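The points may be read alongside the sequence and the model.

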Number of protein chains: 2
Amino acid sequence: MKLYNMKAGMNPRRVRIFLAEKGVSLPTVEIDMGKGENATPEFLKINPLGKLPVLELDDGRYLTESIAICRYIEALHPEPNLFGKDPLEQAFVEMWDRRMEHDLMRPMVDNFVHSSPFWKGRRPQVAEVAPIACESANAMMKLLDGELASRPYIAGDRYTVADITAQCALLLGKNTGTPLPEGLPHLAAWWGRVGARPTARA
Amino acid sequence: MKLYNMKAGMNPRRVRIFLAEKGVSLPTVEIDMGKGENATPEFLKINPLGKLPVLELDDGRYLTESIAICRYIEALHPEPNLFGKDPLEQAFVEMWDRRMEHDLMRPMVDNFVHSSPFWKGRRPQVAEVAPIACESANAMMKLLDGELASRPYIAGDRYTVADITAQCALLLGKNTGTPLPEGLPHLAAWWGRVGARPTARA
């Protein structure tokens with residue numbers, strides 16, 4: 001297997017942290033979106049949506065979508081478990097992973113896409129979207145702070161894929177205009193915990 | 001178990017079709033977003049995000065996020081299989097389900113939210129977003145048409161949860177300004193196939 005990667009990308013980082021938690025190392029191919037390498041005819045044969053990461057399988061097929069890649073890795077390398085150990089835990093891990101994706105990561109990405117010069121000419125930008133997205137991201141961080149008052153990790157008492165999604169979102173937000181606000185001590189403590197893991201810089 | 005439902009909602013429909021495909025019937029509680037019933041203090045205790053559907057479990061916990069609910073139902077009722085039979089099929093079903101969610105359903109929802117009088121005063125509206133979202137939805141439908149030239153269903157040769165996500169997206173799009181465009185015969189044939197299933201009106 002081979003991972004098409006972009007070092008600075010939020011979604012490739014989700015997969016890299018996941019692999020590091022599993023202790024799995026894969027050969028990687030760097031694709032530079034800044035240089036448009038994700039929009040070449042060659043790359044669009046690998047992923048017609050032009051997105052990263054992509055996992056090239058041993059049979060030559062290409063698997064895209066970060067969480068689909070992570071779940072496949074979990075099937076190949078079950079330990080340490082990151083998606084839940086039984087159907088009930090799996091259900092709540094997925095619930096929280098999707099909440100992190102839809103209600104934290106998505107508005108942070110929207111703020112970035114609609115406000116950063118990086119995206120000018122690459123994606124349509126509507127300046128008015130950015131403050132609305134910031135407000136949504138901040139509301140979700142406040143809600144999370146309340147949740148984390150009574151448990152150490154996003155989906156329960158241990159680190160799971162939902163934490164990986166949330167930490168990659170917060171890292172993007174930190175660098176693009178939706179940083180962790182003051183006055184959210186439980187979320188700040190969680191951020192310290194996940195940031196201290198040896199895999200956080202993967 | 002008990003399903004908090006909204007008859008007209010796109011996400012509740014995903015779960016209802018999934019349950020119908022499984023032959024599972026659950027007691028439901030109707031929540032009317034039009035009347036703000038999803039924003040009452042009572043409902044926010046059930047789902048702090050104010051969204052539907054929600055599955056109330058027998059232990060009293062509340063499971064949210066359509067696909068987390070569907071995957072939990074799949075674990076309880078494995079047949080007919082709708083998420084894939086082995087890790088490899090599961091990976092590609094999830095890849096396509098997420099592509100349908102992020103690149104088809106999401107722009108259709110964005111167009112609806114930013115252009116429909118229904119959302120006025122309920123969610124911030126930025127008119128300029130709607131045509132951009134329409135363009136993304138149309139691009140994805142065109143891409144899907146090409147994919148469906150060589151297979152009958154979204155993720156392969158049989159009906160899966162990825163078809164349910166796509167058909168619920170297209171049904172929303174049909175009613176809210178991103179209908180199936182002319183000139184996409186393979187997507188139109190697929191739409192006919194999924195619409196003819198006895199579960200399509202669930």
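1. Helices (H or I, at least four residues) and strands (E, at least two) are DSSP runs, numbered from the N terminus. Glu94(B) is found in helix H4 of chain B. The model is predicted, so local features need pLDDT of at least 70 and side-chain atom pairs count only at pLDDT 80 or more, while totals for chains, interfaces and linings use all residues. Residues are numbered from 1 along each chain as its sequence is written, chains are lettered from A, and side-chain values use heavy atoms, with hydrogens and water left out.

2. With a relative accessible area of 6%, Glu94(B) is buried (under 20% relative accessible area; exposed is over 50%, partly exposed in between; 1.4 Å probe, protein chains only). Not counting residues up to four places away in sequence, Glu94(B) touches Ile67(A), Ala68(A), Arg71(A) and Arg71(B); contact means heavy atoms within 4.5 Å.

3. In chain A, Arg98(A) lies in helix H4 (residues 87–115). Its relative accessibility is 1%, and therefore Arg98(A) counts as buried. Beyond its neighbours within four places in sequence, the contacts of Arg98(A) include Asp103(A) as well as Glu65(B), Asp97(B) and Arg98(B).

4. The contact between the chains takes 39 residues from chain B and 39 residues from chain A. Together the two chains bury about 3400 Å², 62% of it on carbon and sulfur atoms; buried area is the accessible area (1.4 Å probe) that two parts lose on being put together, summed over both. On the side of chain B, Phe92(B), Arg98(B) and Arg99(B) lose the most area to chain A, together 16% of what that side buries.

5. Which side chains does Arg106(B) meet in a salt bridge? Arg106(B) pairs with Asp110(A) at 2.8 Å, N to O. The rule (a side-chain nitrogen of Lys or Arg within 4 Å of a carboxyl oxygen of Asp or Glu) finds 8 salt bridges across the interface of chain B and chain A. Strand S4 (62–64), helix H3 (66–76), helix H4 (87–115) and helix H5 (129–147) of chain B each supply at least two residues of the side that touches chain A. The largest share of that side, 14 residues, comes from H4(B).

6. A last point concerns Leu104(B). Among its contacts, leaving aside neighbours within four places in sequence, are Arg99(B), Met140(B), Leu144(B) and Leu170(B).
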